[in-house]
Amino acid sequence: MSRQIDRRSFLRRGAAGAAALAVGPGLLAACSTDEPGSAGNPGPGSSPRSGGTLRAAFVGGGAAETLDFFNGPSALDLVRARAWHGTLGNLDPSGPDGVRYGVLKGIDIADDLSAYTLHVRPGVRFTDGSRLTSADILHSLSALAARSKLPVYRLAAANFDLARAKADGDLKVVLPTLRPIADGRLILCQGNFLVVKDGTKAFRESMPSCGPFRLTGFTAGQGSAFERYDDHYGHVPHLDGLELRSIADSTARAGALTGGAVDFAHDLSPVTARTLADDAKVELAPTKSPYLVGLSFQLNMSAEPFDDPRVREAFKLAVDREAMVKTVFYGNAEIGNDLPSLGFPDYADGIPQRAHDPGRARALLEEAGADGVKVQLTTGPETPGMVEMATLFVEDLKKIGVRASVRELPPGQLYADFPAYSALPLAGSYQMPVPALSTYQMNTAGGSPSAFGWKKSETDALVAQARAERDPERARELGTRAQRTRWDEGNQVVPVFKPNLNAQAKGVDGIPDDLFEQFPGFSRASLA
Amino acid sequence: MNLLAFAARRLAGAVVLLVLLSAAVFAATAVLPGDAVSAVAGVDASETQRAEVRAELGLDRPAVQRYADWAAGAVRGDLGRGFVGERPVADVLATRLPNSLLLAGLTLAVTAPLATLLGLWTGLRGGVADRVVSTSAQILAAVPEFVVAALLVAVLAVWLEVLPRVSVIPLGGTPLDVPDALVLPVLTLSAVGLAVATRLLRASVADTAARPYCEAARLNGVRGVRLAVRHILPNAAGPAVQALTLTTGALVGSAVVVENVFDYPGIGRELQLAVAARDVPMVQGIATALVAVMLAVLLLGDVCARLLGAREGHGR
């Protein structure tokens with residue numbers, strides 16, 4: 001899923017909010033239980049203090065913000081919803097199914113891949129004491145999520161026939177697939193499919209729900225307050241309370257952290273994060289692979305000169321990736337290999353790293369008759385580092401004889417007119433951390449506008465085949481072949497993957513254990 | 001013409017201006033590239049989905065008709081709902097506008113007396129003091145607000161640590177609950193406003209001081225504070241009030257910047273968010289409200305100036 005998924009947040013928030021939608025599929029993290037931990041048991045090797053109220057700052061949505069997370073795209077909307085409501089499950093590569101289930105006990109897949117059966121965990125209760133049943137799951141998925149305009153919630157609708165979804169007794173839901181897929185658990189258990197009570201139409205502060213925290217206060221555009229839900233299924237949080245604050249500006253978030261107004265600041269700019277390095281009271285907590293944002297340049301294959309594969313290869317060889325990591329991110333980023341989704345299990349890590357070879361690039365350009373070609377790279381400050389990356393790319397291109405220039409749009413403009421964006425010959429963009437094959441399926445297959453002119457039905461077919469393959473070895477082989485064609489002939493330069501630069505007060509612990517690292521969860525967090 | 005007739009005429013003028021400006025705002029949002037469809041439908045929406053959303057938002061109708069509908073609603077006091085989040089525009093105004101007005105009010109409370117004093121001092125005294133103050137004011141007026149903000153933050157919040165860096169308002173509270181969080185935003189706005197107002201006032205004072213009746217008073221031995229209070233101030237007050245009302249215009253623009261820097265929950269920040277999302281009803285509602293506030297302040301300024309102007313020549 002490329003920037004599209006984040007689109008709305010861009011529009012609303014500009015840079016950092018973007019991350020919000022990205023939520024898409026995936027979050028894999030390091031924890032290895034497939035069941036939520038048992039109540040009151042912090043787990044081996046740690047002894048977090050119980051209690052206290054943790055305050056955390058995010059990019060939110062202003063006074064027009066509502067509690068309806070199915071229509072709210074900011075980072076804060078999602079984090080708030082995850083604290084408040086139950087989750088189907090989270091991605092967890094060490095879990096038996098690659099996931100850690102939430103309100104579900106498990107998911108069975110029909111042999112012919114035509115349907116998924118969701119098994120509800122017995123004994124899960126809402127804060128009003130009522131039991132969670134299959135009706136609640138059906139309502140949450142079909143009536144609310146399917147109606148959402150947010151692309152991230154369309155992922156389920158794009159893969160499952162939600163209109164034909166049925167409850168089978170109190171504890172089972174049957175979801176027919178639209179076409180055979182074997183990786184549907186990874187779609188349903190991304191941590192963003194949240195469960196509320198059957199019949200919920202409007203989201204109100206006082207409504208009962210089944211997440212780790214109980215909402216006690218909400219002020220649009222400013223934040224929300226929570227207290228621990230002591231009867232939360234499985235794992236009861238260590239914290240007594242949680243306060244989520246909306247602070248739009250990166251330096252203001254850092255300022256609130258250093259000033260002691262908050263304990264955790266989400267998604268800082270590289271420069272801001274660097275200013276915190278000397279502060280003894282705080283520490284940086286950047287996200288780790290695979291929760292890295294890919295910075296990309298899109299070459300439009302429907303326009304000259306990028307219809308020529310030699311030109312595309314030349315542009316990829318021209319990039320000095322190491323220089324970008326060093327100069328723009330002070331070394332705090334990873335080198336990309338022109339494929340999105342670095343670090344996810346289905347990422348093709350066997351493909352050799354693309355070299356930096358300006359000589360070869362120049363030769364390719366000459367061969368294609370494109371030496372001295374004039375191009376304009378359009379980008380905007382949608383996520384920290386994008387404009388700086390574009391500036392360096394243009395310098396790299398000049399070194400191979402391209403007459404390149406940057407056009408920087410004001411914040412919020414790049415994706416505001418999507419048809420205009422997707423018709424750009426050359427655009428600087430970014431890719432959210434989402435597994436490779438579902439990203440392709442969502443944003444590149446079938447000549448989607450966000451594919452920038454890439455239209456290869458053989459590759460589309462390979463990806464579909466890989467996703468319908470139950471044998472993991474075979475799926476991996478097919479998936480790698482598909483990504484190889486993108487690497488060879490594709491129209492995307494992905495030179496750098498950058499972390500979400502989060503920072504926290506010393507002594508804050510356990511945030512990544514929530515398995516939703518890019519959008520932190522606080523069900524396992526503690527204060528010193 | 002008596003004062004009431006004057007005020008009525010200016011009010012009518014302001015209303016016409018408000019209508020014209022609200023139309024201009026609408027036209028401006030209409031020519032921005034893109035529309036709320038991308039924001040609402042998401043970018044991977046198909047053409048059909050986009051068309052549905054466009055119809056749902058009423059964006060498929062001609063701009064003139066959309067404006068007419070909006071204006072008809074606005075006259076009845078219904079500013080509609082935002083496209084994004086679908087909150088009533090009036091609700092957003094009700095929660096955010098008071099915060100911005102508080103900021104503006106405090107700023108005026110700081111700048112008005114200070115600018116008056118500085119204006120009088122420099123306008124009457126001339127010489128080195130005048131040149132120093134006037135040049136400083138000119139420089140300050142030319143420095144962008146965010147630079148002033150950054151300097152104030154660096155000194156007062158980071159170095160001296162006497163003020164909070166960000167206006168973190170308690171949930172459900174108002175900015176008045178944390179008065180120290182108001183200081184940096186007000187100081188920033190005041191610095192910029194003071195520079196502008198001082199220069200305008202200085203000119204008015206110098207002008208008045210050169211009038212024959214002031215000359216006469218001075219020849220009669222009236223000096224210093226007595227001259228300023230009895231003779232200059234009453235006569236410079238009219239233009240001075242107009243100068244101050246003009247700075248409120250600049251205040252609105254500065255507030256957008258300052259609210260973002262300090263993350264202050266004001267209407268300027270909401271306007272910026274709404275523009276980025278192409279949320280036309282929200283942009284339209286907020287911009288029109290801001291224009292209305294400005295026109296009201298200008299009207300008030302004109303009436304005050306006229307009241308004070310009637311004193312012309314008093315104290316002779």
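This is a predicted model: local features need pLDDT of at least 70, side-chain atom pairs count only at pLDDT 80 or more; totals for chains, interfaces and linings use all residues.
Of the 316 residues in chain B, 46% are buried.

Let me set the annotation beside that. UniProt, in an unreviewed entry, lists residues 97-301 of chain B as "domain: ABC transmembrane type-1", and in the model that span is 82% helix and 0% strand, with its end C-alpha atoms 21 Å apart. The record, again as an unreviewed entry, also places the feature "transmembrane region" at five stretches of chain B, namely 101-121, 142-162, 182-201, 240-262 and 282-308. I will take two of these stretches. Residues 101-121 of chain B are 100% helix and 0% strand, with the end C-alpha atoms 30 Å apart, while residues 240-262 of chain B are 96% helix and 0% strand, with a distance of 30 Å between the end C-alpha atoms.

Now to a pair of helices in chain B. Helix H5, residues 89-125, and helix H11, residues 267-276, have axes that come within 7 Å and cross at roughly 130°, and these two helices are therefore oblique to each other. On the H5(B) side the contact is made by Val92(B), Leu93(B), Arg96(B), Leu97(B) and Ser100(B), which meet Ile267(B), Gly268(B), Arg269(B) and Glu270(B) in H11(B). Sorted by class, this contact has four nonpolar, two polar and three charged residues.

Leu184(B) sits in helix H8, residues 179-209 of chain B, and it is buried, with a relative accessible area of 1%. Leaving aside residues up to four places away in sequence, Leu184(B) touches Leu152(B), Val153(B), Leu156(B), Ala157(B), Leu163(B), Pro164(B) and Phe262(B). With Pro164(B), the separation is 20 residues in sequence and 8.2 Å in space, taken from C-alpha to C-alpha.

Someone will ask about cysteines: how many disulfides are there over all chains? The count comes to zero. For Cys210(A), the closest cysteine sulfur is that of Cys189(A), 14 Å away, and this is too far for a bond. Cys210(A) is buried, at a relative accessible area of 0%, whereas Cys304(B) is partly exposed, at 32%.

Finally, some backbone details in chain A. The peptide bond from Ser289(A) to Pro290(A) is cis, with omega near 10°, and Pro290(A) lies in the loop between strand S14 (282-284) and strand S15 (292-299). The peptide bond from Glu304(A) to Pro305(A) is also cis, with omega near -5°, and here the proline is in the loop between S15 and helix H8 (309-318) of chain A.

There are also two aspartates with positive phi to look at in chain A. Asp267(A), in strand S13, residues 264-268, has phi near 55°, and at 3% relative accessibility it counts as buried. Asp338(A), in the loop between strand S16 (334-335) and helix H10 (358-367) of chain A, has a phi of about 65° although it is not a glycine, and Asp338(A) is buried as well, with a relative accessible area of 2%.

Methods
Residues are numbered from 1 along each chain as its sequence is written. Chains are lettered from A and ligands numbered from 1 in the order in which they are written. Side-chain values use heavy atoms; hydrogens and water are left out. Axes are lines fitted to C-alpha atoms, for helices over the stretch in contact, and angles run from 0 to 180 degrees between N-to-C directions. Helices (H or I, at least four residues) and strands (E, at least two) are DSSP runs, numbered from the N terminus. Angles under 35 degrees count as roughly parallel, over 145 as roughly antiparallel, 65 to 115 as roughly perpendicular and the rest as oblique. Contact means heavy atoms within 4.5 Å. Ala, Val, Leu, Ile, Met, Phe, Trp, Tyr, Cys and Pro count as nonpolar, Asp, Glu, Lys and Arg as charged, and the others, Gly among them, as polar. A disulfide is a pair of cysteine sulfur atoms within 2.5 Å. Buried means under 20% relative accessible area, exposed over 50%, partly exposed in between (1.4 Å probe, protein chains only). UniProt positions are given in the numbering used here, feature names are shortened, and annotations may be inferred rather than shown by experiment.
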